[in-house]
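Dear colleague,

Please find the structure below, handed over for your use.

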Amino acid sequence: MTCAETISAYALRSIGIGERLLPKSDITLCDQITLIGSGMIWNIYFGLVALMLGFVFATALAMAKASSNKWLRKPAEWFIFLFRGSPLFIQFFLAYELFVALPKAGIDIFGITIETGNLTRAWAGALVVLFLNTSAYSAEIFYGALRSVPKGDIEAADAYGMVGWTRFRRITWPTMLRLAWPAYTNEAIFLFHATALVFFSGFPAWQQKGDALYYASYFAEKTFNPFVPYPIVAGFFVVLTLIVIMVFGLIGRHLNRHLPSSAQRPKRARMMLIR
């Protein structure tokens with residue numbers, strides 16, 4: 001099988017399109033790159049969905065934590081503390097028990113079965129963990145930015161008669177995003193890297209349709225050489241990180257488009273000799 005045929009057969013295999021059987025002998029470099037790249041579809045899916053849902057929930061959590069109403073503030077504070085204070089790996093294992101292990105034992109807490117198409121109960125549990133975890137970290141970032149919004153901006157909005165939702169939508173929220181965006185970019189990068197933990201956390205692949213590390217592990221076992229598939233995974237994540245940095249950089253420049261060009265120019269990095 002040529003490399004072009006391999007790409008045609010395995011490029012979308014992780015989502016159920018293409019050749020069903022994995023290569024078991026005469027495994028080539030093209031086989032490994034293609035199938036690991038196919039598995040990256042799931043990693044990107046986890047990262048994108050968790051990031052989009054988490055952005056909305058994190059904004060609500062940050063507003064609740066900054067609220068003077070203790071019935072809003074306290075639950076938000078405890079939620080953020082719980083998910084920031086516990087290891088992500090432990091959260092994966094607890095979710096595995098709730099979504100997979102307990103239902104198999106006849107204890108179905110949720111009372112629903114998520115097995116439509118390629119989205120099994122296991123994949124749903126992994127996505128929920130990533131969503132809640134990134135929501136907590138992002139909410140803390142947004143809360144800090146919310147507290148750092150210049151009072152002069154708020155006073156100017158009040159002078160123009162902006163109150164309530166109008167002031168938040170036109171002044172507070174854009175300023176909060178502009179201040180939080182560099183730190184939020186780091187959180188987005190961490191989130192995509194954290195999708196690699198899904199494979200190690202007990203969530204199984206469904207009908208041999210796994211993420212990038214699932215295929216890397218498969219090839220490492222078949223070829224007895226882990227020094228080819230795992231660097232390929234690392235390379236894919238490096239490319240994904242560069243894409244995230246580029247996209248978030250464009251959004252950051254859009255958020256700061258009203259500032260003078262000198263204020264938008266990033267500072268030169270200098271070696272820190274004394275911390």
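I begin with helix H3 (residues 70–85): at 1.5 Å a residue, its 16 residues should span 22 Å, and its end C-alpha atoms lie 21 Å apart, which agrees. The expected span is 1.5 Å times one less than the number of residues. Helices here are DSSP runs (H or I, at least four residues), as strands are (E, at least two), and they are numbered from the N terminus.

This is a predicted model, in which local features need pLDDT of at least 70 and side-chain atom pairs count only at pLDDT 80 or more, while totals for chains, interfaces and linings use all residues. Residues are numbered from 1 along each chain as its sequence is written, and side-chain values use heavy atoms, with hydrogens and water left out.

Ala76, Phe79, Ile80 and Phe83 of H3 are buried, that is, under 20% relative accessible area, whereas exposed means over 50% and partly exposed in between (1.4 Å probe, protein chains only).

The axes of helix H2 (residues 29–65) and helix H9 (residues 212–223) come within 6 Å and cross at roughly 150°. Axes are lines fitted to C-alpha atoms, for helices over the stretch in contact, and angles run from 0 to 180 degrees between N-to-C directions. H2 and H9 are therefore roughly antiparallel to each other (angles over 145 degrees). Among the residues in contact (heavy atoms within 4.5 Å), Leu35, Ile36 and Met40 in H2 meet residues in H9 including Tyr215 and Phe219.

Two loop residues also deserve mention. Aspartate 26, in the loop between helix H1 (3–10) and H2, has a phi near 50°, a positive value in a residue other than glycine. Aspartate 26 is exposed, with a relative accessible area of 71%. Phenylalanine 224, in the loop between H9 and helix H10 (229–255), has a positive phi of about 55° although it is not a glycine. Phenylalanine 224 is exposed, with a relative accessible area of 74%.

For the protein chain as a whole, there are 11 helices and 0 strands, and buried residues make up 40% of its 275 residues.

Yours sincerely

Technical notes:
Parallel < 35°, antiparallel > 145°, perpendicular 65-115°, else oblique.
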